[in-house]
Amino acid sequence: MALTGYSWLLLSATFLNVGAEISITLEPAQPTEGDNVTLVVHGLSGELLAYNWYAGPTLSVSYLVASYIVSTGDETPGPAHTGREAVRPDGSLDIQGVLPRHSGTYILQTYNRQFQTEVGYGHMQVYEILAQPTVLANSTALVERRDTLRLMCSSPSTTAEVRWFFNGGALPVALRLGLSPDGRVLARHGIRREEAGAYQCEVWNPVSVSRSEPINLTVYFGPERVAILQDSTTRTGCTIKVDFNTSLTLWCVSRSCPEPEYVWAFNGQALKNGQDHVNISSMTAAQEGTYTCIAKNTKTLLSGSASVVVKLSAAAVAMMIVPVPTKPMEGQDVTLTVQGYPKDLLVYAWYRGPASEPNRLLSQLPSGTWIAGPAHTGREVGFPNCSLLVQKLNLTDTGRYTLKTVTLQGKTETLEVELQVAREC
């Protein structure tokens with residue numbers, strides 16, 4: 001009786017006898033999609049009549065790839081034939097241009113002349129040439145300890161292994177703890193500033209590897225450790241002594257991402273500054289007080305501040321008179337500027353010459369207003385800081401001017417200055 005096609009399947013159900021001699025190997029051993037692969041059969045014995053190849057876990061007709069009659073070389077495709085398979089006379093199976101769907105278990109079933117059957121098992125894994133993956137992020141700018149980072153490695157391959165890189169190296173331990181079981185999702189609750197940087201994922205299998213482009217994460221924090229510096233020295237909470245008429249620059253620094261906005265205040269009143277520093281170009285008593293820097297982060301919505309107290313140095317307390325300009329000409333105005341005047345001033349008086357009543361130009365009362373004296377010419381004006389303005393100078397204004405001050409404690413001090421008025425050219 002001649003047997004062909006599915007007849008061998010019907011016989012196999014009656015005469016199945018499992019042997020252990022048949023083995024199947026792959027050539028190449030690790031096939032890549034598109035390769036031509038041979039499932040090479042080893043250990044066949046005796047005179048065989050036919051082969052059945054199955055692509056599946058059992059000897060089911062639905063998994064049958066092909067039946068082959070040894071004596072005639074006739075091959076009959078089965079339900080699982082994809083058009084790429086061919087059986088060799090020695091029982092091996094050729095598959096042209098394998099695809100990932102060809103992966104799985106393969107079974108060879110043989111029949112001898114006694115209609116006894118043996119089976120051999122093999123497994124083929126077809127590896128993909130992996131496309132470049134992409135890292136998808138819920139956000140690339142997060143606030144420290146408040147926001148959650150969620151990264152996903154997106155790849156067309158569902159079988160490739162995944163590994164992650166941080167700034168080109170291995171993930172920190174805290175980040176590795178946030179990996180999903182399949183490694184494709186990375187989650188970090190309460191992100192930290194040290195976790196800002198470049199993230200990449202890589203997909204790989206035994207024959208292919210591909211790494212994503214980096215995605216850069218920014219972590220906002222601060223401001224922290226707000227401090228005021230003078231010449232690179234921290235002065236926060238200190239009192240800075242400054243000589244009269246000298247300059248001073250105060251710098252505000254902090255640890256913050258992004259760089260914070262700065263607001264300066266002087267004695268509680270906001271300054272129109274908006275910079276990270278404030279400059280005192282010429283120190284006088286009017287600049288004495290508390291300087292406060294407030295740093296504000298527009299991303300974290302947090303702020304911090306620092307303050308210093310600025311005072312004139314002890315050397316500046318000694319009172320002196322400086323004409324401004326120092327060499328006035330007739331027709332000009334001159335201000336006899338008083339430096340280091342008493343802070344507990346009660347009254348003062350200016351005299352043209354020695355401090356006697358007929359020579360008095362003007363006096364300032366405790367109320368803060370001044371009144372003219374016998375020597376007042378109508379060109380003199382007094383100021384709260386004891387300074388005296390003389391307008392429209394003439395040559396007769398040359399000479400000695402005397403300032404007399406009285407403090408709340410009754411201390412009296414007298415100071416003289418010589419004014420030289422130059423002739424107009």
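This is a predicted model: local features need pLDDT of at least 70, side-chain atom pairs count only at pLDDT 80 or more; totals for chains, interfaces and linings use all residues.

Reader: Which strand does Ser210 lie in?

Author: Ser210 is part of strand β16, residues 208-211.

Reader: And is Ser210 buried or exposed?

Author: Ser210 is buried, because its relative accessibility is 12% and the cut-off for buried is under 20%.

Reader: What lies 3.4 Å from a polar atom of its side chain?

Author: That's the backbone nitrogen of Gln132, at 3.4 Å from a polar atom of the Ser210 side chain.

Reader: OK, cysteines next. How many disulfides does the count come to?

Author: The count is 2 disulfides. One is formed by Cys153 and Cys201, with their sulfur atoms 2.1 Å apart. That pair links distant parts of the chain, 48 residues apart: Cys153 sits in strand β12 (residues 148-154) and Cys201 in strand β15 (residues 197-205). Cys201 is also among the residues that Ser210 touches.

Reader: Right-handed or left-handed, that Cys153 and Cys201 disulfide?

Author: Right-handed, since the torsion about the S-S bond is about 70°. Cys153 is buried at a relative accessible area of 3%, and Cys201 is buried too, at 0%.

Reader: Which cysteine does Cys252 join?

Author: Cys252 is joined to Cys293 by a disulfide, S to S 1.9 Å. This link is left-handed, with -85° about the S-S bond. Cys252 is in strand β20 (residues 248-257) and Cys293 is in strand β24 (residues 289-296), so the pair ties together parts 41 residues apart in sequence. Both of these cysteines are buried.

Reader: What's the pairing if I number the bonded cysteines in sequence order?

Author: It goes 1-2, 3-4.

Reader: Switching topic. Where does UniProt place the Ig-like domain feature?

Author: The UniProt record, an unreviewed entry, puts "domain: Ig-like" at residues 133-218 and 223-309. In the model, residues 133-218 are 5% helix and 49% strand, with the end C-alpha atoms 22 Å apart. Residues 223-309 are 0% helix and 59% strand, and there the end C-alpha atoms are 22 Å apart.

Reader: Let's look at a loop. Where is Thr158 found?

Author: Thr158 is in the loop between β12 and β13 (161-166). Thr158 counts as exposed, because its relative accessibility is 71%. Apart from neighbours within four places in sequence, Thr158 is in contact with Glu128 and Arg184.

Reader: And how many Å separate the C-alpha atoms of Thr158 and Ala285?

Author: They're separated by 76 Å, and the two residues are 127 residues apart along the chain.

Reader: What about strand β8, how many of its residues are buried?

Author: In β8 (residues 104-112), 8 of the 9 residues are buried, so the strand is largely enclosed by the rest of the structure. β8 pairs with strand β3 (residues 48-55) in the antiparallel sense over 7 bridges, and there Ala50 has Tyr111 as its bridge partner. β8 also pairs antiparallel with strand β9 (residues 117-124), over 8 bridges.

Reader: How many residues are between β8 and β9 in the hairpin?

Author: There are 4 residues between them, and Phe115 in the turn has a positive phi of about 55°.

Reader: Last one: what's the strand order in the open sheet of 5 strands?

Author: The order is β30-β29-β28-β33-β34, with antiparallel pairing. β30 (370-372) and β34 (412-419) are the edge strands, each pairing on one side only. The twist averages 15° from one strand to the next. Within the sheet, β28 (residues 345-352) and β29 (residues 360-364) pair over 4 bridges, and Trp350 has Leu362 in β29 as its bridge partner.

Methods:
Residues are numbered from 1 along each chain as its sequence is written. Side-chain values use heavy atoms; hydrogens and water are left out. Helices (H or I, at least four residues) and strands (E, at least two) are DSSP runs, numbered from the N terminus. Buried means under 20% relative accessible area, exposed over 50%, partly exposed in between (1.4 Å probe, protein chains only). A polar contact is a pair of N or O atoms within 3.5 Å; within protein, one must be able to donate a hydrogen and the other to accept it, and residues adjacent in sequence count only if both atoms are side-chain atoms. Contact means heavy atoms within 4.5 Å. Two strands pair if DSSP finds at least two bridges between them. Axes are lines fitted to C-alpha atoms, for helices over the stretch in contact, and angles run from 0 to 180 degrees between N-to-C directions. UniProt positions are given in the numbering used here, feature names are shortened, and annotations may be inferred rather than shown by experiment. A disulfide is a pair of cysteine sulfur atoms within 2.5 Å.
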